[in-house]
Amino acid sequence: MLVAADKFKGSLTAVQVAERVTAGLRRVVPGVEVTSLPVADGGDGTVDAAVAAGFARHEVRVAGPLGDEVTAAFALRGDTAVVEMAEASGLQRLPAGVLAPLTASTYGAGELLRAALDAGARTIVFGVGGSATTDGGAGMLSALGARFLDADGEPVPPGGGGLAELASADLSGLDPRLASVELVLASDVDNPLTGPKGAPAVYGPQKGASPEDVRALDEALTHYAKILEGAPAPGGAGSGGPSGARDASGAGRGAVLGARAAEHAVSPGAGAAGGIGYGALLVGARFRPGIEVMLDVLGFAAALERAELVITGEGSLDEQTLHGKAPAGVAAAARAAEKEVVAVCGRLTLPPEALGRAGIRRVYPLTGVEPDVATCIADAGPILERVAEQIARDFLV
C-alpha cells in the first residue's frame, strides 16, 4: 500500500494526510504494510514533501514579499536542493488580510536560490506556485546580481508595478555559479508571461489585483520583457543552458539577450508564480511539470514498484486537478505501471468518466462521510481516518 497524496490546503499538510490515512487503514487491518510518500507539485508544501522523503531542512533569513525579513527553508540531499519560492515570496508570507499585487517582490526567492548555491547544490529543483507576486522574477534576479534601473539610474521600486519605470536592465552581474548548475523550473502551469493567458490576467486577481491593476501589470511586464531584449546577458547562464555554452548567435558575456528575452516570455511556464518562471528561464532553467519532477526527486518509482494499491489525493478534486496537479501525476505514473489507484479528497466535483480517464478507480471525499463542508475543513483529520477505514474495508478485507 502506497499513500502518495498532496496537502488538503487549509486543513492538513501532505505529511498529515499520509499519517491520517495510515491510521485509518491500520484500524481495520492492523498489520497492513503502508509506505508514506507525501507529494507536492512545486507549490507550497514542496519543501516539506522533500524533507519527509529524507532531504535535510535548511533554514535561512530572507526578505518576504514586502521586504520584511522572514525565516524560509529549502531542502538538500547530497548536491540536490529543492527550493520552494512560496517559502519566501508566497501569499502566506503576507500579513493577515494584506494583498500587494503591485509591490510584492520575489527578492527573497532569489536569496533562497543563493543560499542553496552556498550550500553546494549542483542541481536545484525550483518549485514555483502560491506566490504573492507578479514581478516577472525581477526581484529574484536582483537578489542574484541583476540590475534594473530607472531613467535616473536608480533601482526601480519593488514589485511588478515598479517595472513600468524600467529604463535599463543588466544581467551580466548574475551569480556565475548559475552557469554550472542544473536549474529545473517545476510548475503545474504553462502560461506565458503576458496576454490573455498571462500571469497578470489569469493569476493577478487571486493576489488582489483589480482590473486596472491587471492592465497595469500586463503593460509593465510587457515593457520589462522588451527592455530585457537589449540587456547585457549573463556570463554563460541563460546562454545555452546549465553548461554555459554559447548559443548559435554566439551569446555570452558582453552579448545582449536579444530575441531570447522575447522567446522566453511566450515559453511554457514563463507566467508561473507571477512570472518568476520567466526570470528562471532567463538564467537557463529547464521547465518541467512540477509533479513529474517531484516524483523523480522523491523516489516515487521505487515505492510504486512495491505497492499493490496507491492512494493519492488533495483537498479538492476538480477540473484543475486534471491539469498537472499532484493526484493526476501520481495516477498517470501508477497507471503506466499497471497499479490500481484510489483517491481521497475534501471535495469532489469531477464526474466518474473524467476520473476514469485520469486513471483513478474510485474517490472517497470527506463530504461522503460528513456532508457539512465547514465541519470537513475543521475536522479533516478524524474524518479522513474514517474515510481510510472504508478504503481498507473495500480493498483489504
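Two strands are said to pair if DSSP finds at least two bridges between them. Helices (H or I, at least four residues) and strands (E, at least two) are DSSP runs, numbered from the N terminus. This is a predicted model, in which local features need pLDDT of at least 70 and side-chain atom pairs count only at pLDDT 80 or more, while totals for chains, interfaces and linings use all residues. Residues are numbered from 1 along each chain as its sequence is written, and side-chain values use heavy atoms, with hydrogens and water left out.

Strand 12 (residues 340–348) and strand 13 run parallel and are joined by 4 bridges. Within this pairing, Cys345 has Pro365 of strand 13 as its bridge partner. Both strands belong to an open sheet of 5 strands, whose order is 2-1-11-12-13 and whose pairing is parallel. Strand 2 (35–36) and strand 13 (362–365) each have a single partner strand, so one side of each of these edge strands is left without a neighbour in the sheet. Helix 12 (residues 326–336) packs on the sheet, where it touches strand 11 (309–317) and strand 12; contact means heavy atoms within 4.5 Å. The direction of helix 12 makes about 160 degrees with that of strand 11, where axes are lines fitted to C-alpha atoms, for helices over the stretch in contact, and angles run from 0 to 180 degrees between N-to-C directions.

Helix 1 (residues 14–28) has 15 residues and should span 21 Å at 1.5 Å a residue, which agrees with the 22 Å between its end C-alpha atoms; the expected span is 1.5 Å times one less than the number of residues. Ala14, Val17, Ala18, Val21, Thr22, Gly24 and Leu25 of helix 1 are buried, that is, under 20% relative accessible area, with exposed over 50% and partly exposed in between (1.4 Å probe, protein chains only). These residues lie on the same side of helix 1, because they cover an arc of only 165 degrees around the axis, taken from the directions from the helix axis to the C-beta atoms. Their cover includes strand 1 (2–3), strand 2, strand 11, strand 12 and helix 15 (380–395).

Cys376 is part of helix 14 (residues 373–378) and counts as buried because its relative accessibility is 4%. Apart from neighbours within four places in sequence, Cys376 contacts Leu366, Thr367, Glu370 and Ile383.

Glu87, in helix 3 (residues 85–89), counts as buried at 11% relative accessibility. Not counting residues up to four places away in sequence, Glu87 touches residues including Arg57, Arg93 and Leu112.
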